[in-house]
Amino acid sequence: MMVKIQIDGTYYDVKPGKNLLETCLALGIDVPHFCYHGAMGSVGACRLCAVKKFRDPCDQKGRIIMSCMEPVNEGLIVSVNDPDAKMFRAAILESLMINHPHDCPVCDEGGECHLQDMLVMTGHNYRRFDFKKRTHFNQYLGPFISHEMNRCIQCYRCVRFYDDYTGGKDLAVFGSHDHLYFGRGEDGILESEFSGNLVEVCPTGVFTDKTLKEHYTRKWDLSNTPSVCVHCSIGCNTIAGERYGKLRRIMSRYNGAVNGYFLCDRGRFGYQFVNVENRIGEAQIRTSKNSNPVEATPDMIASACAEALSGSKKIAGIGSPRASLEANFALQKLVGKENFFAGVSRTEHTLAKTAIDILQHEAIHSPSLKEIEKADAILILGEDLTNTAPMAALAVRQAARNKGIEVAGNSGIPPWNDYAVRLKAQDVKSPIIMANPFSAKLDEIAEKTYRAAYSDIARVGFAVAALINDGAPGVKGLSKEQLSMAQHIANALKEAKNPMVITGTHGGSEDMVHAAANIAMALFLHGKEGALSIVFPECNSMGLGMMDGKPFEDLAGLPADSTCDTLVILENDLYRRADQSLIDDLLERCKNVIVLDHLITGTTLKSDILLPVGTFAESEGTLVNNEGRAQRFYRVFPAEGTVIESWRQLKELMIFSGNHESASWENFDHVAQAMSDSIPAFAKIKGHMPGADFRILNEKIKRQTMRFSGRTAMNAQFSVSEPKSPVDPDSPLAFSMEGANETPPSSLVTNYWTPGWNSNNAMNFYLDEPNGSMKGGDPGFRLLETAATKHILFFAPVTGAFTPEAGEWEIVPAYQIFGSEELSSQGPAVAERIPEPFIIMNRRDAEEAGVKEHEMIDLTLTRSSLQVKLKIDDNIPAGVAGLSTGLPGMPFLKLPESGRVKNSKK
Amino acid sequence: MGGKVLLANVDIPGIRGFDTYRAHGGYIAVEKALREMTATEVSLEVHKSGLRGRGGAGFPTGLKWSFLDRKSDKPRYLVCNADESEPGTFKDRYLMHHLPHLLLEGLIISSYALGVETCYIYIRGEFKYLVGVLEKAIKEAYQHGFLGERILGTGFSLKIYVHPGAGAYICGEETALLESLEGKRGNPRIKPPFPAFKGLYGCPTVVNNVETLAAVGPIINMGGEAYAKIGRGRSTGTKLISACGHINNPGVYEIEMGLPVEDFIYAPRYCGGIANDKLLKAVIPGGSSVPILPADLILNTAQGEQRLMTFESLAEGDFESGTMLGSGGFIVLDEDACIVRNTLNLTRFYRHESCGQCSPCREGTGWMEKVLHRIEHGEGKMSDIDLLVRVAKNIEGNTICPLGDAAAWPVASAIRHFRREFVYHVKFPEVVKNIDHGAIQSDTELLIPDSGTGIKYW
């Protein structure tokens, strides 16, 4: 149903229920605004979006209204270009500019400043204010964000985002009248995992990207490429900006089905690993097993590779969940299916396979983040989302508001009227139930929390399924508390219109995934959608799981003589995935170890031939996120030296090995095509992504903005002749400022720009409506096919109840947003935020063990021991302890397992 | 009695205490309302009385009550707005100080009429000493069974809490008041939703001024129709006026609506004329935010009719030549008063008290203050005067709450009526700089130009 409205004399059929501002933006009409944001709705404070409303066609006088607060109803007559409205808007800009510094030429926001755009758009150009401007002190806000309060125009977007949208507590507005201050109570690191979005949310340069500042480049001088975040399994869309061969920054790329407008801090600031010192620049060879590899000439490398590959009786390959599908496929081709190992441990492999099978079940739907945002009851089983998939945690926070939005809707308050909704909703929240061994940040929005060991969480999960559907197997011997918890959860999910279960494989518990699946299937039988989201550890865990492969322990477990002569390891540090002795032994046994990677790791140090390959910024590839959505990232800049993409390197290796199948892989499309043809799960990829020959009116899509400067002079200190711009044979994108002027398909957007809008607020014009989908559909597409099985087969619980043993603790992994992920930890900014290794226990357990809070304690596990700091969390159940996992310097630990603690000093 | 309704007994010693108050007819209205009348009947009496909000806007109280969302299953709240912070207004302070039980009576009856069981008095932080007065009164009322569970044996229960603010003028705006009461930053909310539907904690809420609520008791006593007979036209009843400035008798007066302004200024029982036998220059009749009027226009309308102390008469002529009754803060300026300095003083107040939410008010008030400061200190430019008008116009009507208007009107009206005084400041900076505002001088009339209206009035 549409309504007819009139804007400046033109009639439009529009969707009712929206506000006038978002309707205008969806129609492509320029209405200046500051405080409105697509994801955060309207509060009507900045007064910039004023337009004139007329009572009826006879009304000549009209009155000024705020378009962000005006619901769109049949017969609405407004004028955006009315002289009074224009004058009004210019006056608002004038008032905002009186205290804004005139430092545009040297301001870091210049060129993508929403305030600049609004200034030009409203036409205010002559300042009558001739007094001293107000000034503020700036604060230190941590390694990610710079603070420059003098630029503030008091739109309140930062606090609305930080406090209301993400649940942050340490950013607020202080002071009053024309002396407002947006900052922390005192200098200090912004605590929120989403603080980086302030850079994009702030319409001017108050909050800017500190990591960009360290190698600053004007926004219009960046060469931008659509990319996909590689730091967790959610697959947020990003735009990566480059200049002078260095990755300068990551910005959010809108994807209505995934990350929407935002990114988490790991995704935004984790990019620095691309630029760090310990990148591998040149190919290396080691002469003996006892030495480190050293750089070698291309000829030496070629002959070494040829010798290793052609002379081998058996070549095995270990793939990687952080490498693209195509790279893994190329490796599989090189070594053959039977010799391809997935590059993950057996536990992880089994979990991934189980999870993928479950998600393909016809009763189960794998929801996108957008769908999670729409849920009205969520059970989170054993996953600390804020640390393992931050953007999913943000989606859950939005879902928690749905009940309140509904309550407000019942009294006629539209969802976009942000403040009124919050006023009406008060503390009403959708039921979010957090079942996790230790306290998690999402607890604060949870209706109920359940603290138990993984096995108990899984058992309660099975019980919930049994309570929803009789067919699901029940659990015997539950305590009274567990039973009532299960009953409560079952009721909450049953009563919801749109219930959802989220779990993950981080806990290493297959039972938990089974329990989650049982609940989703039971809900399906109960007439619901059966939505189950499973979070995986790495950016391509899902994609790798969809390929045929075996855990690498299978290779290590083979008898020494039949292991392999040559082992090719793709972008994988095996020491992060198994005990050192196991890997040492495996690498020792292989005559030739060829490693392809971009950073120096324990594994690369043991390679006989080390081949440098491109990071996500120097190659292209497809990743499958936890939803089952295949998304492609593109090369941001041509790599330096001998660095080439993994798939190209593997293609060369195939030729050395005598397999000439790859000779025809001239560009990326060919390898992607070959993959689609040979792996049925990926058959859909062919034809869904624009190929390298995609053109708009015969032109490629430009990576550089039309204002890109210094093209002919950038490298003049080396040579005054302008070199030919690099050619990108693998994508429809060009390393050039010349290219199609039309809007590219949604997956190929390189930057957001529309006449008059140079900031990322131009994003709204690329969407069907603010906070909606990208025009022409959101990027990426779902690979998951629901299988043809008609029978619902519930899983049966396996493990028994958890019983703590005296003096022993079940050590469960506590993943950290900063530190647990391999690549981002290499960047200096994220490294500053990595905590020192810690263990979480409850107070009574700590007393029993004779250890005190904040003290270093010795933790002894079956195969290793380490020193960690003790943190107290009284919610963690007795006999369970959470251990920070995967932090730099920590050895591999197979968790959960039992361990003992004692005071270091004794 | 002298036609006094609210302050009839104010001079009785000990009237602040329950016993004396009770002995002089106190709480009879409560007994009458709770025992003899239904809630609807009480509302009807208030409606019939024609009582209009005494906080400044003059909105009919009966109508406001009728908007309260009675269908909601949530608790309802009555909030008494005792955040009296407008410069020149001090009537509520006087009322609460001397007759706390009159307010409580009003609160009890109003709560009964509205079906409210919890009532808050949001009192200005600076009135710290009144918190004790009110709490003592509340305690007495509890002791005598006029508050608490099942009042007077009826099914009606009521709790009253006194909540001091932290000294922000903006918290006198009803939605900012609710925010502050909820423990948040006192930024006004966008209406709709109105407090009658989503007020305190998202529940239906009525916010009324102290004087409005205090009038409810007498209305029940005398009957709505009798009350409506006091006053003139739609301005019924009596009004407390806090008179200050250059007059002989500053203080709080209860007047019957319809009293001529001239009588109020010059009658010995009210202001008693201008102090030191000076001439009247201008009046700000309804608290500092309402437009200032020069002597000729405050005494008579532009049409030559006598100006009366009613909502309608004072507003006669709209913004061109009228003003507002507002909260009844009657500020009188004599012939020696400097309008520019006065405007600067008010603007400085409004800048300081702007909450900082809407751009026009937040930035505009600061700008106006700077410009006025410059003019006042002999550094002004001729263009500054028009700039002030423009900035004020950008604020007026363009903000979430009416305090944007409150900040703009004093400036706009001062320039409208006294432009030549501003011009004089710009043209004769040396003279202006040397005015000694601290002492009364006989030769100052030389320095002060006429009002710009072309009419000599002194």
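Predicted model: local features only at pLDDT ≥ 70, side-chain atom pairs only at ≥ 80, totals over all residues.

Analyst: A:L887 counts as buried, at 2% relative accessibility; buried means under 20% relative accessible area, exposed over 50% and partly exposed in between, with a 1.4 Å probe and protein chains only. Residues are numbered from 1 along each chain as its sequence is written, with chains lettered from A and ligands numbered from 1 in the order in which they are written.

A:L887 sits in the loop between β34 and β35 of chain A. Helices (H or I, at least four residues) and strands (E, at least two) are DSSP runs, numbered from the N terminus. Leaving out residues up to four places away in sequence, A:L887 touches A:Q816, A:F818, A:G819, A:S820, A:I834, A:P835, A:E836 and A:P837, where contact means heavy atoms within 4.5 Å. For a sense of scale, A:L887 and A:G267 are 620 residues apart in sequence and 17 Å apart in space, C-alpha to C-alpha.

The loop that holds A:L887, between β34 (880-884) and β35 (897-903), also holds A:P896. The peptide bond leading from A:L895 into A:P896 is cis, with omega near -5°. B:P193 belongs to the loop between α8 (174-181) and β4 (205-209) of chain B. Most residues other than glycine have a negative phi, and most peptide bonds are trans.

A:Y156 is not a glycine, yet its phi is positive, near 70°. You will find A:Y156 in the loop between β6 (145-147) and α4 (157-165) of chain A, and at 8% relative accessibility it is buried. The helix α4(A) is largely enclosed by the rest of the structure, because 7 of its 9 residues are buried. These are A:R157, A:C158, A:V159, A:R160, A:F161, A:Y162 and A:Y165. Just after α4(A), A:G167 has a positive phi of about 75°. In chain B, the non-glycine residue B:L152 has a positive phi of about 55°, and its place is the loop between α7 (128-143) and β3 (159-164).

Back in chain A, helix α21 (residues 580-589) has A:I583, A:L586, A:L587 and A:R589 as its buried residues. They cover an arc of only 160° around the axis, which puts them on the same side of α21(A); the arc is that of the directions from the helix axis to the C-beta atoms. An α-helix has 3.6 residues a turn, so residues three or four places apart point the same way. Turned away from the buried side, the other face of α21(A) carries the exposed residues A:Q580, A:S581 and A:E588. The buried residues pack against β15 (315-318), α20 (552-556), β22 (566-570) and β23 (592-597) of chain A.

Next, a pair of helices. In chain A, the axes of α10 (residues 346-359) and α18 (residues 510-525) come within 10 Å and cross at roughly 5°. Axes are lines fitted to C-alpha atoms, for helices over the stretch in contact, and angles run from 0 to 180 degrees between N-to-C directions. α10(A) and α18(A) are therefore roughly parallel to each other, a label for angles under 35 degrees, with over 145 roughly antiparallel, 65 to 115 roughly perpendicular and the rest oblique. From α10(A), A:T350, A:L351, A:T354, A:A355 and A:I358 meet A:E510, A:V513, A:H514 and A:A517 of α18(A).

To finish, two residues in helices of chain B. B:S111, in α6 (residues 100-114), is buried with a relative accessible area of 0%. Apart from residues up to four places away in sequence, B:S111 touches B:L78, B:V116, B:C119, B:F156 and B:L158. B:T20 lies in α1 (residues 18-23) and, at 22% relative accessibility, is partly exposed.

Methods:
Heavy atoms only, no water.
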